[in-house]
Amino acid sequence: MTEAILKRLADYLLRTAREGEDDLLVILPNRRAGLFLQRYMSESTDSSMWMPRVSGIGDFIETESKLGLSDPVELQFRLYDIYSAMVEQAEPLDQFLQWGEMMIRDFDELDKYLVDAEQLFRNIRDLKALEEPLAGLEPEQLVFIRQFWEGFYEGNLTPEKRQFLQTWELLPRLYNKLQEELRYSGEGYQGMQYRELAERILKGEHAFERRGRTIVAGFNALNQCEKVIFSTLREHGAAFFWDYDQRFMDDRGEEAGRFLRENILRFPEAEKLEDFKGLAKGKQYRIYELPTDVLQSKTVYHLLKDEDPDRLVKSTDTALVLCDEELLLPVLMSLPEGVEEVNITMGYPMKNTPVFSFLDSLLRLHYHARKKADGSTRFYHKDVNDILQHPYFWKMQGGGSVELSGRIIRENMHMIDRELFKGELEQMIFRPLDNAASLLEYLRKIFLHLLELIAGRGSRHEDVLDREFCFQLLKQVNKFERLNEQRSDISYQLMERLLRRSLQNLRIPFEGEPLSGMQIMGILETRLLDFRHVILLSMNEEVMPAQEATHSHIPYSLRMAFGLPSREEMDAIYAYYFYRLLQRADRVDILFNGSTEGVSTGEMSRYVRQLIFEKGLEVIRPGLNVQAREITPIKIEHGEVVTQKLRRYVMGSEEDRYLSPSAINTYIDCSLKYYFRYIAGLGEMDEISEDIDASGFGTVVHDSLNELYLEIAGKNRGIISKEDLNKLLSSNEYESLLREQFIKHHYKGRKKETIEGRNILIFSVMLRYMKQVLKQDTTIAPFELVAAEATYRRNLAIEVEGKTIELSLGGKIDRIDRVGGQLRVIDYKTGRTDQKFRDVESLFDGNYGSRNSAAMQTFYYAWLVGEAFPGKDVMPGLYSMKGLFKEEFDAALNMTSLKKEGRVASFFPLENQFMELLKELVQKLFDPTIPFVQRENDKICSYCDFASLCQRKFID
């Protein structure tokens with residue numbers, strides 16, 4: 001590696017050191033560079049000496065300025081108070097804060113670039129004013145100003161333009177008043193500190209009275225205040241040093257040298273530390289295109305695994321530069337075993353930590369909480385479950401609340417009463433909050449409890465991180481508690497938003513030994529530092545340079561006119577960071593994500609593309625051995641276990657079970673599904689259903705109709721009259737009963753529950769269906785109700801391996817009635833079904849796309865009933881949701897193969913054919929030589945509970 005620029009600067013300082021010098025000040029872009037400088041100096045001398053005092057530019061300005069630094073959150077509230085006093089009708093505080101941040105950011109830039117706010121915010125309605133002298137503006141500035149205002153006043157004055165003008169005219173007043181109040185209190189934001197110091201220098205009211213030397217090194221883009229400050233430092237003998245490469249300095253078209261070309265002219269180098277031709281020297285470049293961020297992290301392992309372990313821990317040897325901060329944890333988990341020391345020189349976003357996810361769960365818990373009429377609090381089940389399943393809750397609880405979670409699911413609790421939580425931790429978390437103070441106290445108590453729990457643990461990596469995450473969150477809570485004590489206008493909702501926004505923007509600093517270990521850093525932290533091996537991750541166009549738009553009240557043209565930072569300047573700054581980092585490296589590995597998923601374009605950074613063009617490099621696309629995996633069909637042999645399970649249906653068995661039509665339909669559709677459900681006993685995963693599902697829909701309606709009809713029939717010896725039905729229709733009795741059944745089934749009998757949300761719509765559909773059944777039955781009344789929700793069983797003999805076994809078949813029938821001497825078996829169908837079927841064979845053909853399983857089930861019921869009513873014609877019929885609302889409804893099934901004669905008035909003519917097919921099917925089910933197999937690939941699998949087991953999830 002070419003000797004580091006800080007090493008050369010250290011040698012210069014030692015070589016030019018004065019005897020007894022004890023007041024050497026070195027001003028650098030950041031503090032970390034100062035630590036490396038001091039180490040280089042200590043390594044290069046054996047004699048005793050005073051180390052230089054190293055200061056970052058921000059620290060230096062704060063030391064020299066007469067203003068203290070304001071708290072950013074308090075600053076926004078101060079600005080709001082000023083705004084409220086200026087306008088007749090102020091926006092609510094929470095709405096103002098959304099653009100108050102933008103205002104302060106604009107004011108900060110105005111001050112750092114010494115812009116005259118009155119001049120900038122001047123509303124030039126009369127464009128002739130541009131011809132008058134405007135405080136010495138250059139012709140180029142006037143062009144940009146004219147360009148904006150001429151474009152602004154073209155066309156009509158739209159509401160958006162009026163809003164802009166109102167804000168634009170308010171901004172200078174807010175700016176001046178804020179400056180006045182802050183100066184009076186002796187504090188200010190960073191831009192004010194810069195401006196205060198620069199203006200005192202320009203007025204001759206500030207002199208840097210230092211007897212020692214001042215060194216300024218490593219800067220790039222300078223704002224106007226820095227130029228003023230550096231100018232007076234130069235007058236007082238300061239020496240300047242710049243870090244650059246001749247390649248981008250000599251070519252004026254290179255954006256990386258845009259600022260340095262001016263800086264070197266304004267502040268000439270005290271001494272040229274090297275030839276600055278590092279980019280022209282031989283280096284090993286490798287550029288990798290990878291399809292995911294995870295693979296970027298995993299590639300780091302392969303790039304480092306063969307490195308010498310001694311070199312990996314040298315602080316100047318290897319640097320992992322993360323252009324995207326969110327890759328930090330994946331990269332840490334991908335480092336090879338030889339990397340024992342790591343120094344993280346970047347802030348990690350708090351929003352990506354488990355602490356924030358737990359905080360977010362707590363905030364959502366209370367956001368969705370509801371108070372009942374009696375004042376008690378209820379919590380939404382999803383928020384409760386998120387907390388009960390969170391790793392932090394498990395840590396604090398010593399295990400999750402499995403029993404509580406199970407009860408919530410079993411009883412289908414949508415909103416959960418606070419009284420259900422009995423444990424000490426549960427009562428700490430699941431309690432009502434009334435105001436901002438109670439919210440902060442609530443969070444402090446929970447996270448202090450968590451911090452105390454993990455504080456006594458060892459130095460495991462995850463525990464160290466957890467402690468730091470908790471500590472940083474508690475610092476923010478303490479800050480907001482102080483703020484809340486000072487202000488009475490912060491509501492609970494506003495405090496929640498402030499806390500969430502503050503933590504989302506927070507970067508957690510990592511502490512470590514900066515002069516040892518492999519360095520992991522962001523691109524901004526690389527300034528003035530040099531490494532032998534540089535690995536850059538996420539070198540994508542939307543990341544490096546970042547494509548985040550800078551939100552500002554100041555339009556682009558006016559920014560250009562007054563010399564404020566623009567998009568082009570930011571691109572030039574990042575170009576400098578990139579090329580400067582490559583200057584002295586021997587080996588450079590560049591990785592980028594080539595995926596175009598989501599908002600990512602998958603485009604490599606323009607800087608990488610330029611490097612490829614200049615060096616003639618090729619992009620490495622690591623090959624993945626991708627093969628289409630052949631899915632092996634699942635086949636379950638009919639073994640002894642299956643035989644034992646099927647014996648439950650044999651007459652005389654201990655279990656005394658019957659084979660239902662639902663089981664038969666399942667076997668027809670897919671024998672493997674039958675195995676999963678009826679042999680293996682697998683079912684749907686238990687979960688809370690907020691809206692009543694199809695099964696619950698049918699159960700509620702069936703039970704309601706059953707109870708209504710049994711009550712009427714009980715009074716009239718089984719007869720349902722037209723008068724009884726009309727009387728029922730004219731009352732609200734059937735609606736009350738339906739509501740009662742709904743609460744009984746869906747809310748598991750919790751009588752205080754009310755039907756709400758989408759369930760109101762579902763209930764109205766149920767009510768309409770039920771009402772239509774009653775209206776339809778008035779057209780056939782009087783009729784006799786023979787049975788409702790009654791179970792019928794019948795035996796069936798089959799041949800299995802030469803032996804005859806007798807099975808029990810049965811089912812619960814919704815309704816059996818007699819209309820004009822005709823016995824009918826009626827099945828209520830609230831789902832999508834049809835009265836039509838092609839022929840009897842189609843009812844048993846699982847590959848037939850339009851197989852009518854409801855017709856098969858109704859025929860099955862007709863056969864069961866036939867034994868109880870020998871010699872009687874039985875009509876199988878459906879009361880389907882679709883059919884009931886037709887003008888000429890007929891409950892009878894229709895076999896389309898017979899066309900006009902297809903109405904099935906009696907099951908008897910079709911019984912023999914139906915039973916032959918049924919018997920053949922049941923014999924297949926019990927035949928030990930026939931395995932259970934998947935059905936042919938079909939869309940029906942998309943709705944199957946076992947699609948993932950069969951690897952059929954890909955089906956649309």
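Predicted model: local features only at pLDDT ≥ 70, side-chain atom pairs only at ≥ 80, totals over all residues.
**Entry 1: helix H19**

I looked up what the buried residues of H19 pack against, and found helix H17 (381-388), strand E13 (415-417) and helix H20 (424-429). Contact here means heavy atoms within 4.5 Å. Helices (H or I, at least four residues) and strands (E, at least two) are DSSP runs, numbered from the N terminus.

Residues are numbered from 1 along each chain as its sequence is written, and side-chain values use heavy atoms, with hydrogens and water left out.

Which residues of H19 (402-410) are buried? I found Leu-404, Ser-405 and Ile-408. Buried means under 20% relative accessible area, exposed over 50%, partly exposed in between (1.4 Å probe, protein chains only). Seen down the axis of H19, these buried residues fall within an arc of 100 degrees (taken from the directions from the helix axis to the C-beta atoms), so they line one face of the helix. On the face turned away from them I saw the exposed Val-402, Glu-403 and Arg-410. After H19 comes Asn-412, with a positive phi near 50 degrees.

**Entry 2: a sheet**

Next I traced an open sheet of 5 strands with mixed pairing, in the order E20-E21-E22-E23-E25. Two strands pair if DSSP finds at least two bridges between them. E20 (719-720) and E25 (874-880) each have a single partner strand, so one side of each lacks a neighbour in the sheet. E21 (783-800) and E22 (803-819) pair in the antiparallel sense over 15 bridges. I also found that Ala-788 has Arg-815 in E22 as its bridge partner.
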